[in-house]
Amino acid sequence: MRALDLTFTSPVLLAAGFDMHGALLEAAAALGLGAIENGSFTCFDGPVPPVLHRWPRVRAPKRGVSLRPPPGPLDVARRNLLRWLATVHGHADYIVLNPGSHRSAVDAIVDLSGSMAERLASLSCKPPALVVKLSADGLSSMELSRHARRLFDSGARGLLLSTESSPAVVDTLATVAAACPQATLISVGGVRTATQIDERLAAGAHLVQIHRALSGDPLRACRRLRG
(Lines give C-alpha, C1' and ligand atoms only; values in the text may rest on other atoms or scores of the structure.)
Protein backbone atom coordinates (compact mmCIF):
# COMPACT_ATOMS: atom_id res chain seq x y z
CA MET A 1 0.00 0.00 0.00
CA ARG A 2 1.57 3.30 -1.14
CA ALA A 3 0.69 6.44 0.77
CA LEU A 4 2.67 9.50 1.90
CA ASP A 5 5.39 8.33 -0.53
CA LEU A 6 5.85 5.29 1.75
CA THR A 7 5.08 1.60 1.33
CA PHE A 8 2.87 0.23 4.10
CA THR A 9 2.61 -3.53 4.53
CA SER A 10 -0.98 -3.06 5.73
CA PRO A 11 -3.48 -0.18 5.55
CA VAL A 12 -4.29 -0.76 9.24
CA LEU A 13 -2.26 1.44 11.60
CA LEU A 14 -2.07 1.80 15.37
CA ALA A 15 -3.23 5.24 16.49
CA ALA A 16 -1.27 7.43 18.90
CA GLY A 17 -1.92 6.92 22.58
CA PHE A 18 -1.67 3.11 22.71
CA ASP A 19 2.11 2.75 22.35
CA MET A 20 3.55 6.08 23.43
CA HIS A 21 7.26 5.33 23.04
CA GLY A 22 7.56 2.56 20.42
CA ALA A 23 7.71 -0.58 22.54
CA LEU A 24 5.57 -2.48 20.01
CA LEU A 25 7.54 -1.64 16.87
CA GLU A 26 9.16 -5.06 16.55
CA ALA A 27 5.86 -6.86 17.24
CA ALA A 28 3.79 -4.70 14.88
CA ALA A 29 4.24 -6.95 11.84
CA ALA A 30 2.97 -9.99 13.77
CA LEU A 31 -0.09 -7.93 14.72
CA GLY A 32 -0.74 -7.14 11.05
CA LEU A 33 -0.11 -3.42 11.46
CA GLY A 34 1.39 -1.26 8.74
CA ALA A 35 2.58 1.44 11.16
CA ILE A 36 2.62 2.42 14.79
CA GLU A 37 2.12 6.05 15.75
CA ASN A 38 3.96 7.07 18.91
CA GLY A 39 2.87 9.91 21.17
CA SER A 40 1.13 12.23 21.26
CA PHE A 41 3.87 14.21 22.94
CA THR A 42 3.00 17.67 24.26
CA CYS A 43 5.85 19.98 23.27
CA PHE A 44 6.49 21.88 26.48
CA ASP A 45 9.35 24.27 27.23
CA GLY A 46 12.69 22.86 28.31
CA PRO A 47 14.99 20.17 26.93
CA VAL A 48 13.38 17.56 24.71
CA PRO A 49 13.52 14.26 26.64
CA PRO A 50 14.49 10.94 24.99
CA VAL A 51 10.86 9.88 24.48
CA LEU A 52 11.29 7.27 21.73
CA HIS A 53 12.52 3.69 22.00
CA ARG A 54 15.25 2.42 19.71
CA TRP A 55 13.84 1.76 16.24
CA PRO A 56 14.63 -1.45 14.31
CA ARG A 57 13.98 0.44 11.08
CA VAL A 58 14.87 -2.31 8.63
CA ARG A 59 12.59 -4.93 10.16
CA ALA A 60 9.79 -2.79 11.57
CA PRO A 61 6.67 -1.34 9.95
CA LYS A 62 6.49 2.41 9.53
CA ARG A 63 6.67 4.75 12.47
CA GLY A 64 4.66 7.91 12.96
CA VAL A 65 5.38 10.42 15.70
CA SER A 66 2.54 12.62 16.94
CA LEU A 67 3.37 16.06 18.34
CA ARG A 68 0.92 18.28 20.20
CA PRO A 69 1.50 22.00 20.80
CA PRO A 70 1.17 23.21 24.39
CA PRO A 71 -1.85 25.31 25.31
CA GLY A 72 -1.35 29.04 25.23
CA PRO A 73 -0.19 31.66 22.73
CA LEU A 74 0.37 30.53 19.14
CA ASP A 75 3.93 31.88 18.95
CA VAL A 76 4.93 29.77 21.99
CA ALA A 77 3.20 26.72 20.55
CA ARG A 78 5.03 27.17 17.24
CA ARG A 79 8.45 27.65 18.85
CA ASN A 80 8.13 24.52 20.96
CA LEU A 81 6.73 22.40 18.13
CA LEU A 82 9.62 23.32 15.86
CA ARG A 83 12.17 22.60 18.61
CA TRP A 84 10.74 19.12 19.22
CA LEU A 85 10.46 18.54 15.49
CA ALA A 86 14.18 19.15 15.02
CA THR A 87 14.89 16.43 17.62
CA VAL A 88 12.46 13.67 16.59
CA HIS A 89 12.16 14.04 12.80
CA GLY A 90 14.99 11.58 12.14
CA HIS A 91 13.16 8.89 14.12
CA ALA A 92 9.95 8.96 12.08
CA ASP A 93 8.60 8.01 8.66
CA TYR A 94 5.88 10.60 9.12
CA ILE A 95 5.06 13.34 11.62
CA VAL A 96 1.56 14.09 12.88
CA LEU A 97 0.47 17.52 14.07
CA ASN A 98 -2.16 16.90 16.75
CA PRO A 99 -3.60 20.39 17.38
CA GLY A 100 -4.70 19.57 20.92
CA SER A 101 -6.20 22.65 22.57
CA HIS A 102 -5.91 24.55 19.27
CA ARG A 103 -8.15 22.05 17.41
CA SER A 104 -11.09 24.45 17.00
CA ALA A 105 -8.90 27.28 15.63
CA VAL A 106 -8.46 26.29 11.99
CA ASP A 107 -6.37 29.34 11.10
CA ALA A 108 -3.94 28.44 13.89
CA ILE A 109 -3.73 24.83 12.68
CA VAL A 110 -2.98 25.96 9.13
CA ASP A 111 -0.33 28.36 10.45
CA LEU A 112 1.35 25.62 12.51
CA SER A 113 1.17 23.19 9.60
CA GLY A 114 2.91 25.64 7.30
CA SER A 115 5.66 26.32 9.84
CA MET A 116 6.25 22.61 10.43
CA ALA A 117 6.34 21.79 6.71
CA GLU A 118 8.86 24.56 6.13
CA ARG A 119 11.06 23.39 9.01
CA LEU A 120 10.95 19.76 7.88
CA ALA A 121 12.08 20.78 4.39
CA SER A 122 15.03 22.64 5.93
CA LEU A 123 16.06 19.69 8.12
CA SER A 124 16.38 17.00 5.45
CA CYS A 125 16.56 16.54 1.69
CA LYS A 126 13.96 13.78 2.14
CA PRO A 127 11.95 14.80 5.20
CA PRO A 128 9.21 12.69 6.79
CA ALA A 129 5.74 13.52 5.51
CA LEU A 130 3.58 15.87 7.56
CA VAL A 131 0.09 14.72 8.52
CA VAL A 132 -2.38 16.99 10.31
CA LYS A 133 -5.13 15.70 12.59
CA LEU A 134 -8.53 17.30 12.12
CA SER A 135 -11.66 16.55 14.14
CA ALA A 136 -14.96 16.17 12.29
CA ASP A 137 -16.95 17.10 15.41
CA GLY A 138 -19.31 19.98 14.71
CA LEU A 139 -18.17 20.44 11.11
CA SER A 140 -19.98 19.65 7.89
CA SER A 141 -18.35 17.59 5.16
CA MET A 142 -17.97 20.72 3.04
CA GLU A 143 -16.27 22.61 5.89
CA LEU A 144 -13.90 19.69 6.42
CA SER A 145 -13.16 19.64 2.69
CA ARG A 146 -12.25 23.33 2.70
CA HIS A 147 -9.99 22.84 5.71
CA ALA A 148 -8.35 19.82 4.06
CA ARG A 149 -7.48 21.86 0.95
CA ARG A 150 -6.02 24.67 3.08
CA LEU A 151 -3.88 22.23 5.05
CA PHE A 152 -2.64 20.56 1.87
CA ASP A 153 -1.76 23.97 0.43
CA SER A 154 0.16 24.75 3.66
CA GLY A 155 2.46 21.76 3.10
CA ALA A 156 0.68 18.87 4.83
CA ARG A 157 0.74 15.67 2.74
CA GLY A 158 -1.87 13.83 4.80
CA LEU A 159 -5.03 14.45 6.77
CA LEU A 160 -5.83 12.37 9.86
CA LEU A 161 -9.60 12.73 10.02
CA SER A 162 -11.05 11.94 13.46
CA THR A 163 -14.69 10.89 13.29
CA GLU A 164 -15.09 9.62 16.86
CA SER A 165 -18.65 10.93 17.25
CA SER A 166 -19.62 11.52 13.63
CA PRO A 167 -22.77 9.60 12.62
CA ALA A 168 -21.96 9.68 8.90
CA VAL A 169 -18.34 8.55 8.76
CA VAL A 170 -18.43 6.96 5.30
CA ASP A 171 -20.15 9.94 3.65
CA THR A 172 -17.74 12.36 5.33
CA LEU A 173 -14.71 10.43 4.15
CA ALA A 174 -16.04 10.21 0.59
CA THR A 175 -16.67 13.96 0.43
CA VAL A 176 -13.25 14.92 1.80
CA ALA A 177 -11.45 12.38 -0.41
CA ALA A 178 -13.16 13.79 -3.52
CA ALA A 179 -12.41 17.38 -2.53
CA CYS A 180 -8.69 16.83 -1.87
CA PRO A 181 -7.59 13.81 -3.93
CA GLN A 182 -3.87 14.69 -3.71
CA ALA A 183 -3.77 14.24 0.06
CA THR A 184 -3.39 10.95 1.89
CA LEU A 185 -6.55 10.47 3.95
CA ILE A 186 -6.28 8.53 7.22
CA SER A 187 -9.43 7.62 9.13
CA VAL A 188 -9.46 7.24 12.92
CA GLY A 189 -12.21 6.88 15.50
CA GLY A 190 -14.78 4.22 16.28
CA VAL A 191 -13.19 1.34 14.34
CA ARG A 192 -14.05 -2.00 15.93
CA THR A 193 -14.54 -4.48 13.07
CA ALA A 194 -12.89 -5.52 9.82
CA THR A 195 -16.09 -4.49 7.99
CA GLN A 196 -15.70 -0.92 9.26
CA ILE A 197 -12.12 -0.85 8.01
CA ASP A 198 -13.23 -2.06 4.57
CA GLU A 199 -16.04 0.52 4.44
CA ARG A 200 -13.67 3.38 5.20
CA LEU A 201 -11.11 2.25 2.67
CA ALA A 202 -13.85 1.92 0.04
CA ALA A 203 -15.07 5.45 0.86
CA GLY A 204 -11.67 6.94 0.03
CA ALA A 205 -9.45 6.55 3.08
CA HIS A 206 -5.97 5.33 2.18
CA LEU A 207 -5.21 4.14 5.71
CA VAL A 208 -7.27 3.39 8.83
CA GLN A 209 -6.09 3.71 12.41
CA ILE A 210 -7.29 1.56 15.29
CA HIS A 211 -7.00 2.16 19.02
CA ARG A 212 -9.65 1.00 21.49
CA ALA A 213 -10.29 -2.16 19.46
CA LEU A 214 -6.94 -3.46 20.78
CA SER A 215 -7.85 -3.13 24.45
CA GLY A 216 -7.59 -6.39 26.37
CA ASP A 217 -6.12 -8.89 23.89
CA PRO A 218 -4.25 -7.12 21.06
CA LEU A 219 -3.34 -10.27 19.11
CA ARG A 220 -6.89 -11.59 19.14
CA ALA A 221 -8.26 -8.16 18.23
CA CYS A 222 -5.90 -7.83 15.24
CA ARG A 223 -6.85 -11.27 13.97
CA ARG A 224 -10.51 -10.26 14.19
CA LEU A 225 -9.87 -6.93 12.43
CA ARG A 226 -8.01 -8.70 9.62
CA GLY A 227 -11.12 -10.83 9.11
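**Burial, helix packing and ring contacts in the predicted model**

Gly158 is buried, with a relative accessible area of 4%. In this predicted model, Gly158 takes its place in strand S8, which covers residues 158-162. Leaving aside neighbours within four places in sequence, the residues in contact with Gly158 are Leu4, Leu130, Val131, Val132 and Thr184. For one of these residues, Leu130, the separation from Gly158 is 28 residues in sequence, whereas the C-alpha to C-alpha distance is 6.4 Å.

Leu4, which is among the residues in contact with Gly158, is found in the loop between strand S1 (2-3) and strand S2 (6-7). The backbone of Leu4 has a positive phi of about 55°, although this residue is not a glycine. Asp5 is also placed in the loop between S1 and S2, and Asp5 likewise is not a glycine but has a positive phi, of about 60°. With regard to accessibility, Leu4 is buried, with a relative accessible area of 9%, whereas Asp5 is exposed, with a relative accessible area of 66%.

For the protein chain as a whole, the secondary structure comes to 6 helices and 10 strands. Of the 227 residues in the protein chain, 52% are buried. When contacts between residues at least 6 apart in sequence are considered, 69% of them join residues at least 24 apart. A further pair of residues separated in sequence is provided by Arg63 and Ala35, which are 28 residues apart along the chain and 5.4 Å apart in space, C-alpha to C-alpha. Arg63 is found in strand S5, residues 62-68, and is buried, with a relative accessible area of 0%.

Helix packing was examined next. Two packed helices are described by the angle between their axes and the distance between the axes. H1 and helix H2 (residues 106-123) pack with their axes 10 Å apart and at an angle of about 30°, which makes H1 roughly parallel to H2, given that angles under 35 degrees count as roughly parallel. The crossing in which H1 passes H2 is right-handed. On the H1 side the contact is made by Leu74, Ala77, Arg78, Leu81, Leu82, Leu85 and Ala86, and on the H2 side by Ala108, Asp111, Leu112, Ser115, Met116, Arg119, Leu120 and Leu123.

H2 also packs with helix H3 (residues 141-154), the axes of the two helices coming within 8 Å and crossing at roughly 25°, which makes H2 roughly parallel to H3. This crossing, in which H2 passes H3, is right-handed. The residues of H2 that meet H3 are Val106, Asp107, Ile109, Val110, Ser113, Gly114 and Ala117, and their counterparts in H3 are His147, Arg150, Leu151 and Ser154.

Helix H4 (residues 169-179) and helix H5 (residues 194-203) have axes that come within 8 Å and cross at roughly 30°, so that H4 is roughly parallel to H5. H4 passes H5 in a right-handed crossing. In this pairing, Val169, Val170, Leu173, Ala174 and Ala177 of H4 meet Glu199, Arg200 and Ala203 of H5.

Aromatic side chains were then considered. A pair of aromatic rings is described by the distance of the centres and the angle of the planes. With pairing taken to require ring centres within 6.5 Å, the count comes to 2 aromatic pairs. In the pair formed by Phe41 and Trp84, the ring centres are 6.4 Å apart and the planes lie at 25°, so the pair is stacked, since planes under 30 degrees apart count as stacked. Phe41 belongs to strand S4 (residues 35-42) and Trp84 to helix H1 (residues 74-88), so this pair ties together parts that are 43 residues apart in sequence. Both Phe41 and Trp84 are buried.

Strand S4 also holds Ser40, and the peptide bond leading from Gly39 to Ser40 is cis, with omega near 5°. A contact between a charge and a ring is found at Phe152, where the charged end of Arg157 sits over the ring, 4.1 Å from its centre.

Note on methods
Residues numbered from 1 in each chain as written. Predicted model: local features only at pLDDT ≥ 70, side-chain atom pairs only at ≥ 80, totals over all residues. Heavy atoms only, no water. Phe/Tyr/Trp six-rings, centres within 6.5 Å; stacked < 30°, edge-to-face > 60°. Helix = DSSP H or I, 4+ residues; strand = E, 2+ residues; numbered from the N terminus. Buried < 20%, exposed > 50% of the residue type's maximum accessible area, 1.4 Å probe, protein only. Lys NZ or Arg CZ within 6 Å of the ring centre and 35° of its normal. Axes fitted to C-alpha atoms, helices over the stretch in contact; angles between N-to-C directions. Parallel < 35°, antiparallel > 145°, perpendicular 65-115°, else oblique. Left-handed = near helix turned anticlockwise from the far one by under 90°. Contact = heavy atoms within 4.5 Å.
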